[in-house]
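Welcome! Please take a look at the structure shown here, and then read on for a short tour.

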Amino acid sequence: MKKVLLLFVLLTFVLSGIAFAGPYEVVDVKGGGSITGVVKAAAKVADPVVKIETTKPEEHQLCGMTAPSGMYEISAGMGVKNVLVYIEEVPKGKALPKMDYKLTNLKCQFTPLVGIAYSGSNFVVTNSDPVFHNTSIGLMVGGKRSTVYNLALPGKDQVITKPVRRTGLNSVKCDAHPWMRAWIYAAKNPYATITDADGKYEIKDLLPGTYKVTFFHEGFGDVTKDVTVAAGKPATLDHTFSKK
Amino acid sequence: MIVNKKPSLQCISYILIMVFSLLIFSIAAAEEGALKAPQDDGKNAVSVDVKKDVQDAGNNEAQLTLGKKLFGERCVVCHGASGNGKGPAGVIKVMEKSGRVLEIHPRDLTSGTFKFRTVSTGCLPLDEDLLRTITDGILKSFMPDAKVLKLDERKALVAYVKTFSPRFTAEEPCKQIAAKMPKWVGSKDSIVKGEALYKKMKCPDCHGNDGSGNGPKSNDIVDDWGNKILPFNFRTGNLKRGSTPDNVYLTFTTGLDGSGMPSYEDSLKDEERWNLVSFTLKLMNKAEYLK
Ligand SMILES: [Cu+2]
């Protein structure tokens with residue numbers, strides 16, 4: 001009985017530790033460290049072509065018959081563009097930028113394909129096409145999707161603004177056009193970015209400590225790596241993806 | 001007799017342990033709060049809070065125990081013991097009058113995504129939304145009503161259903177949308193305006209020109225779980241949540257989260273959504289609801 005009780009008390013403390021892993025705390029970061037790196041592909045991967053499959057002729061007229069997917073943009077040096085790089089849990093650090101996330105429905109594609117939205121700012125969703133789109137943003141939790149917003153944008157130049165509330169990786173889809181897709185990482189701290197055309201990234205102004213950095217790419221998948229950051233110095237963290 | 005007594009004793013000690021753990025939990029929580037806000041002069045307030053927390057936790061515990069028992073008796077067969085919607089009943093196929101076959105997947109309660117709400121898209125359903133669905137059931141879905149249960153029992157089910165998704169503890173409830181039907185809903189003028197909006201909003205893309213759910217996009221739609229779903233057929237009957245004007249209005253306003261039906265709260269004015277109600281009630285042959 002005593003043992004059971006002790007176990008429960010211990011368990012309670014462990015659980016309360018998790019439950020109270022408090023929200024992100026904003027502090028002054030002076031002389032912080034940074035993480036830089038390059039994300040590469042082990043081998044070239046052909047960029048798949050998207051088929052515009054619709055029974056509405058006006059949509060073909062506007063959006064064509066096919067479009068490059070832009071999924072695998074790999075540089076001559078094998079750098080991978082559009083990899084989301086983020087640290088999900090940071091106890092404290094610099095303030096989040098106040099920056100709205102602009103997502104546009106243009107020629108039956110979402111622009112941009114990949115990006116970072118910040119908690120406390122807004123999603124600003126625009127339809128630039130004279131056809132119906134609905135923008136469905138869904139948080140990916142444990143491999144499952146959970147609708148964050150499903151917005152009707154029936155006409156050209158419709159704009160809808162919604163606050164970024166739930167944080168994490170989101171997939172964006174349009175129910176009228178199954179090929180349409182985008183990825184947004186909704187961040188609760190400012191330590192998130194995407195790789196450039198050479199696969200390079202930098203995350204700045206981190207307090208010294210050990211962090212778990214996640215790399216996500218829609219085609220290659222995701223990986224999380226540990227890195228230790230010292231004050232005033234850049235730590236290097238590279239990753240090479242290979243196609244599964 | 002002894003055999004019968006043993007589990008109940010175990011049960012009592014289990015509850016005692018739980019209460020004790022919760023007490024410690026509350027103290028730890030209160031202490032954490034005090035540490036984070038040392039400037040607060042609230043030592044008395046903290047001890048009062050601890051008492052209140054323990055009391056709430058006690059009530060809550062009894063309610064959840066009842067909810068779990070009822071869930072086991074009435075809901076597990078479809079929604080599964082873990083609430084993931086994969087109960088032994090599995091997926092049910094239904095053929096409509098029109099010949100369309102609909103696949104009915106029991107709701108996965110773990111993602112916290114619900115269609116029938118009185119709050120904006122993306123918001124968690126309010127307790128009263130869940131209570132309404134549990135009480136009335138869902139038409140055409142094999143989700144039965146629970147009118148045989150007392151209110152306390154249905155509320156216990158609501159409380160238990162909310163434990164399946166961490167969203168219910170992590171998020172604040174949203175402001176309720178009031179459906180205030182204007183007197184003119186159902187008038188000729190409103191129906192005409194609604195019909196124009198039905199076209200302008202591109203409803204026919206999914207629901208078809210005649211409302212029978214056979215629009216050019218009707219075969220392209222999947223839900224949050226990746227299951228293929230078909231748009232509502234206005235010609236053969238009732239909305240799942242019920243076809244009252246308020247329910248139709250709420251569907252346009254809130255959208256049906258998890259499905260392909262988006263929210264028109266930002267793309268249509270309130271008045272326009274009511275015009276759409278006038279037209280779609282006519283499509284559904286449900287004008288009697290207006291009398
Ligand atoms: Cu679209």
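Predicted model: local features only at pLDDT ≥ 70, side-chain atom pairs only at ≥ 80, totals over all residues.

Residues are numbered from 1 along each chain as its sequence is written, chains are lettered from A and ligands numbered from 1 in the order in which they are written, and side-chain values use heavy atoms, with hydrogens and water left out.

## Two domains in chain A

Let us begin with chain A. Its domain assignment gives domain 1 (29-47 + 68-88 + 193-244) and domain 2 (97-188); such bounds come from an automatic or database domain assignment. Taken over C-alpha atoms, the centres of domain 1 and domain 2 of chain A are 23 Å apart.

## Where the domains meet

In chain A, 11 residues of domain 1 are in contact with nine residues of domain 2 (contact means heavy atoms within 4.5 Å). Together the two domains of chain A bury about 1000 Å², with 65% of it on carbon and sulfur atoms. Buried area here is the accessible area (1.4 Å probe) that two parts lose on being put together, summed over both. A:L84, A:Y86 and A:E218 supply 43% of the area that domain 1 of chain A buries against domain 2 of chain A, more than any other three residues.

The rule finds one salt bridge across this interface of domain 1 and domain 2 of chain A; a salt bridge is a side-chain nitrogen of Lys or Arg within 4 Å of a carboxyl oxygen of Asp or Glu. A:R181 forms a salt bridge with A:E218, and their closest N and O atoms are 2.8 Å apart. On the side of domain 1 of chain A that touches domain 2 of chain A, β5 (84-87) and β16 (192-194) each supply at least two residues. Helices (H or I, at least four residues) and strands (E, at least two) are DSSP runs, numbered from the N terminus.

## Backbone details

Most residues other than glycine have a negative phi, and most peptide bonds are trans. With that in mind, here are some backbone details. A cis peptide bond joins A:T111 and A:P112, with omega about -5°. A:P112 lies in the loop between β8 (109-111) and β9 (114-118) of chain A.

A:C108 has a positive phi, near 60°, in a residue other than glycine. A:C108 is found in the loop between β7 (101-106) and β8 of chain A, and it counts as buried because its relative accessibility is 0%. Buried means under 20% relative accessible area, exposed over 50%, and partly exposed in between (1.4 Å probe, protein chains only). In chain B, B:N285 also has a positive phi near 60°. B:N285 sits in the segment after α10 (270-283) of chain B, and is exposed, with a relative accessible area of 65%.

## Chain B at a glance

Chain B has 10 helices and two strands. From the N terminus on, its elements run α-α-α-β-β-α-α-α-α-α-α-α. Of the 291 residues of chain B, 45% count as buried. Among contacts in chain B between residues at least 6 apart in sequence, 61% join residues at least 24 apart.

Which helix of chain B is mostly covered? Helix α5 (residues 151-161) is, with eight of its 11 residues buried. Among the buried residues of α5 in chain B are B:E153, B:R154, B:L157 and B:Y160.
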